[in-house]
Amino acid sequence: MEKKHVSAFALYQNALLTSTPEVKTSSVKITAKKRKENGIQPPKSIKKTKRKRMGKQVIKAAQREERVESLTEEVQCGERSGVALDALLSDLAKVSNSRVRASKLFQWLIHPISSKSFFSDAWEKKPFLIKRQNPDYYTGLFSTAEFDRILRRDDVQYGVNLDVTSYRNGKRETHNPPGRALPYTVWDFYESGCSLRMLNPQAFSSTVWNVLSILQEHFGSMAGANMYLTPPGTQGFAPHYDDIEAFVVQLEGKKHWRVYNPSLIPYRWLGIPPPANFSHSEIGKPILEVVLEAGDLLYFPRGFIHQGDCLSDAHSLHITVSSYQRNSWGNLLAKVVPAALEMAMEEDVDFRRGLPVDYLTYMGVQNSDKEDPRRAQFLSRIEGLMKKLSNFAPVDAAVDQKARDYLHDCLPPMLTAEERASSVQGAPSRWENGEAVDMGVAISGQIRVRLIRSGIARLCSDGEAIWLYYTADNSRVYHKEEPKSVEIKPEHTDAMEFLIHAYPKFVTVGRLPCKLAEDKVSLAELLFKRGLIHTAEPLQQS
């Protein structure tokens, strides 16, 4: 039997209703404890079990301290090889496929470790240290001199773009005055021993913007950055953990780092937010202690407690590249489960049946120690409904919701010279001799087009219409703009999906799967005007 074609528009209409050097592997398993939910204490029987286990947990923690070498990995790089960043970015601009571009840039970041080894052995598992003995490796990414130029040139605001911090005698303080951060006051804070944290250097530095906008495509998650400038002999932050995967890129000077075992603090494995500060008495001995020098890289997963202080003989400048904030299975399920329950309530009468009239007499924490057969029956009923709930899970629709959040988080792409020349940004339209000139650019069925980047846009449904969400008009400042989207007409949906899946190939407008030739051209014109596609050759004036 011939398979009946179903249009992409029909599929998206139904999206909300249906879905479907050698690196040594650590032998130590670090387990997380069960978390208290919504402020409700666990039943007494659970608390008793925890008390019995406490002695064993202390012993195991001590054993983990003794086996520190298996929890971290250090790579020594004696060679002075490596491509300078400006040369690398120039070479990457010639790479046609943005996914390959992102992979190559990440490989440069963690050189000489392969990306495959990193993700299999270190990612979300343990700290990773690369000692390069090459102080120029990251030169060009950012510098103290550039920071000073930014203070003089741009409107840097305390608390928005810049934090002034200190950590003295166990006390962490923020010293932000109101208003613009002018060089005189900023450097006065620095000379008095305060650390300077620039919260979004990508908003001011085109190089940082370029690097992050490329890397976010490798992670499939927003890539952000903070800059930290610390005076000699000082510390700006208390021991703490973050809810991001952190890549500490040492740019200037040196800094003394200590990283701690997250399982010594309940619930900190992989960084359950909100992040918190700790005293030294809470965190034990570090599992990794190192002095980072210019050109070195330190990675640690979210949840690993850490602190950094400057030695007395040098200042420190580093950038922390971050990703994977709120990008866990749990974050996805937070979108799946409420929608699944709503659908189950509508479609399955078992979810609408009433609770037993006497359930409050044997359920709840105050009744958790009772040996009542009704409790077992009640819990069995809950377990059965939870299993049935998965049948109603709109997974694809929930993934699209996550994708919309991701596209809103993303930086806009920093276009290469070739992309700019062949996109709307390179169109010759201008004001000349008192009038607008060169306003007409011709898009015809013979023009070859493709998306300007692999992950620049995504089709999503709200149950009624199909929308194309995109990053081209995002701000370099996180969430300064509202999410950007445009409604896609039913006659354009198949063609839009075709374009997305065709990347990185260029396709002629005439090949787009629309019934009418004018629909093909109108879609291409819409996408060109929005900065989402570019042409194989710069368009000529019509």
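Predicted model: local features only at pLDDT ≥ 70, side-chain atom pairs only at ≥ 80, totals over all residues.
Residues are numbered from 1 along each chain as its sequence is written, and side-chain values use heavy atoms, with hydrogens and water left out. Local features need pLDDT of at least 70 and side-chain atom pairs count only at pLDDT 80 or more, whereas totals for chains, interfaces and linings use all residues.

**The cavity.** Select Ser 213, Gln 216, Glu 217, Tyr 406, Cys 410, Leu 411, Pro 413, Arg 453, Gly 455, Ile 456 and Thr 471, which line the largest cavity. A cavity is a set of points on a 1 Å grid over the protein atoms alone where a 1.4 Å probe fits but cannot get out; lining residues have an atom within 4 Å of a point. The volume, the space filled by probe spheres set on the points, is about 110 Å³. Helix 8 (residues 206-219) gives the most to this lining, with 3 residues. Helices (DSSP H or I, at least four residues) and strands (E, at least two) are numbered from the N terminus.

Move to strand 15 (457-461) and strand 17 (484-488), the edge strands, each pairing on one side only. They belong to an open sheet of 3 strands, in the order 15-16-17, with antiparallel pairing. Two strands pair if DSSP finds at least two bridges between them; strand 15 and strand 16 (residues 466-470) are joined by 5.

**Cis peptide bonds.** Most residues other than glycine have a negative phi, and most peptide bonds are trans. Go to His 111 and Pro 112, where the bond is cis, with omega near 15°. Pro 112 sits in the loop between helix 4 (98-110) and helix 5 (115-121). Next select Tyr 503 and Pro 504, also joined by a cis bond, with omega about 15°. The loop holding Pro 504 runs between helix 14 (490-502) and strand 18 (507-508).

**Positive phi.** Glu 124 has phi near 65°, in the loop between helix 5 and strand 2 (128-131). At Tyr 324, phi is about 70°; look in the loop between strand 11 (316-323) and helix 10 (329-347).

**Cysteines.** Finish with Cys 310, buried at 5% relative accessibility, and Cys 514, buried at 10%. The whole structure has 0 disulfides (pairs of cysteine sulfur atoms within 2.5 Å).

Key
1 Å grid on protein atoms, 1.4 Å probe; cavity = no way out; pocket = protein on both sides within 12 Å on 5 of 7 lines; lining within 4 Å. Buried < 20%, exposed > 50% of the residue type's maximum accessible area, 1.4 Å probe, protein only.
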